[in-house]
Amino acid sequence: MDVNSGSGLASWERLPGYVFRPYHGHDDRDAMAAVRLGCAQRDRIDARSVVEGIPTAAEIAEASANLDAPSRNQVLVEHDGGVVGYSTIRWWQERDGTWLYLHRGYLLPEYRGQGIGSAMLNWAESRIRRLVQQHGTTRTAVLGANAMASEQDATALLLESGYRHVFSLVELELADLRRLPDEEPLPAGIRVGALDPSSYRAAWKTVVDSYADAAFTERWTFESFLATADPTCWRAGWDGEDMAGVALCSIRRQDPTVGEVEELSVRAESRRLGLGRALLLDGLRCLREHGAETARLYTGTANPHRSYDLYESVGFRRQNEYVRYRKPIAA
C-alpha cells in the first residue's frame, strides 16, 4: 500500500530522508516500543499509568492486532532506515450517536520541530476523512486526539491545528494498600459482597446507567463487558433485594503489584449512604489480598457525583491528567 497516495503528504519532498510506510506486523513491535520509551522522559510519561503508560513490544503487538486493518490505519515514520515515530487510528460510536475517529501519534523528541509531527497529523486526518466517506458517517463524525497534560509538544500541535479541549481524565494512585481506612457501618438493609455470574447483567446495567447523561462516553455492550471480565475482586452492593452499586476491581496483568478500580458506580437512589465507600474499600482489600501493593483509577474532572472527594478520603492522590481534543471533520 502507498500510504502517501491521496493523503495530503505531497510536502514530503521538503523532508529529505523521511519515509512513511505501513505497519508490517510483529516485525515492527520492538521499534515501536523503543519509540514509546524514547518519548517517556521528554513527555514525563508515568510508567505505571493504567490510562497510558510505557507499553512493552508484546502489548503494542496485541493492541495493533485489535485495530481494524492495522496496515492501513497505522503508519510508521522512518529516518535513515530507523523508526522514529508512528501514528494509529481507531474509531467507535459514542452514546449520543457521534462517531469519534481518534488518532494518536508518537515521535522521538530529537525529531520534533522539523514538520514531522505536522505531517503525521495531516496523514491521520486525511486517512480519517477517507474512512468517514467509506463508512457513511459524515453527518455524525468528528476528529479526536489525546494528549497528556505533560505532553507539551503534542498539546501545542493540536491547538495550533484547530483542536479544542473537550474533557479530561485524572488518574489517581493509592500508594500503599496496607494503609486503608477502617470500615464504617452501613444503614440497615444495605449489604456488600462478591459478584457471581448470575448478577453480571445487573452489574453491567448499573454501570451503563451511571453514564446515561455523561458526554463523550463510548457505547459499552454486555458482550464487551463479558469479554474483559475478571471477577475475582468485583464487588456489588444491595439495597434490600435490589443491586444498588458495583466496584469492579482487578489486578493489572502487566504488573501484578498494581490493582485497578475500573468502575465504581452507585445508583442515584442509594447515594449518600456510605455504599460507594464500602464497595471501594472492600474491592481494595481484595486487591491487597491478591498481591497488589498499590492501586490506580481514573475519573473525569467534571464528574458530577463528587467521586474525587471519595477517592481522596480513602487515600488516593492525583498523578496525571489526560486530555481529549476534538475538531470538526470538515475543518
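Q: Is Phe225 buried or exposed?
A: In this predicted model, local features need pLDDT of at least 70, side-chain atom pairs count only at pLDDT 80 or more, and totals for chains, interfaces and linings use all residues. Residues are numbered from 1 along each chain as its sequence is written, and side-chain values use heavy atoms, with hydrogens and water left out. A residue is called buried under 20% relative accessible area, exposed over 50% and partly exposed in between, using a 1.4 Å probe and protein chains only. Phe225 has a relative accessibility of 1%, so Phe225 counts as buried.

Q: Which class of aromatic pair do Phe225 and Trp234 form?
A: Rings of Phe, Tyr and Trp (for Trp, its six-membered ring) pair if their centres lie within 6.5 Å, and planes under 30 degrees apart count as stacked, over 60 as edge-to-face and the rest as tilted. Trp234 is buried, with a relative accessible area of 4%. The centres of Phe225 and Trp234 are 5.1 Å apart with 35 degrees between the planes, and the pair is tilted.

Q: Which residues do ring pairs link into a cluster?
A: The structure as a whole holds 10 aromatic pairs. Ring pairs link one group into a cluster, and its members are Tyr200, Trp204, Trp220, Phe222, Phe225 and Trp234.

Q: How many residues apart in sequence are the parts that the pair of Trp91 and Tyr101 ties together?
A: Trp91 and Tyr101 form a stacked aromatic pair, with 5.9 Å from centre to centre and 25 degrees between the planes. Strands (E, at least two residues) and helices (H or I, at least four) are DSSP runs, numbered from the N terminus. Tyr101 is buried, with a relative accessible area of 0%. Because Trp91 lies in strand 3 (residues 82-93) and Tyr101 in strand 4 (residues 99-107), the pair ties together parts whose separation in sequence is 10 residues.

Q: Which ring does the charged end of Arg36 sit over?
A: A charge sits over a ring if NZ of Lys or CZ of Arg is within 6 Å of the ring centre and within 35 degrees of the ring normal. Arg201 lies over the face of Phe222, at 3.9 Å from the ring centre. For Arg36, the charged end is 4.0 Å from the centre of the ring it sits over, which belongs to Tyr106.

Q: How many of the 15 residues of helix 8 are buried?
A: Helix 8 spans residues 275-289 and reaches 21 Å from its first C-alpha to its last, close to the 21 Å expected at 1.5 Å a residue, where the expected span is 1.5 Å times one less than the number of residues. Just after helix 8, Gly291 takes a positive phi of about 105 degrees. Helix 8 is largely enclosed by the rest of the structure, because the number of its residues that are buried is 13.

Q: Which residues does Arg277 touch, not counting those up to four places away in sequence?
A: Arg277 is found in helix 8 and is buried, with a relative accessible area of 17%. Contact means heavy atoms within 4.5 Å. On that basis, Arg277 touches Pro181, Glu184, Leu310, Ser313 and Val314.

Q: What separates the C-alpha atoms of Leu186 and Gly274?
A: Leu186 is found in the loop between strand 6 (164-174) and strand 7 (190-194), and it is partly exposed, with a relative accessible area of 27%. Leaving aside neighbours within four places in sequence, Leu186 is in contact with Val192, Leu273, Gly274, Leu275 and Ala278. Leu186 and Gly274 are 88 residues apart along the chain, and their C-alpha atoms are separated by 6.4 Å.

Q: What is the phi of Arg44?
A: Arg44 is found in the loop between helix 1 (29-43) and helix 2 (57-65), where it is exposed, with a relative accessible area of 53%. Although Arg44 is not a glycine, its phi is positive, at about 55 degrees.

Q: What is the radius of gyration of the protein chain?
A: There are nine helices and 12 strands in the protein chain. The radius of gyration is taken over C-alpha atoms, and the globule rule is 2.2 Å times the number of residues to the power 0.38. The rule gives 20 Å for 331 residues, and the chain is as compact as a globular protein of that length because its own value is close to this, at 22 Å.
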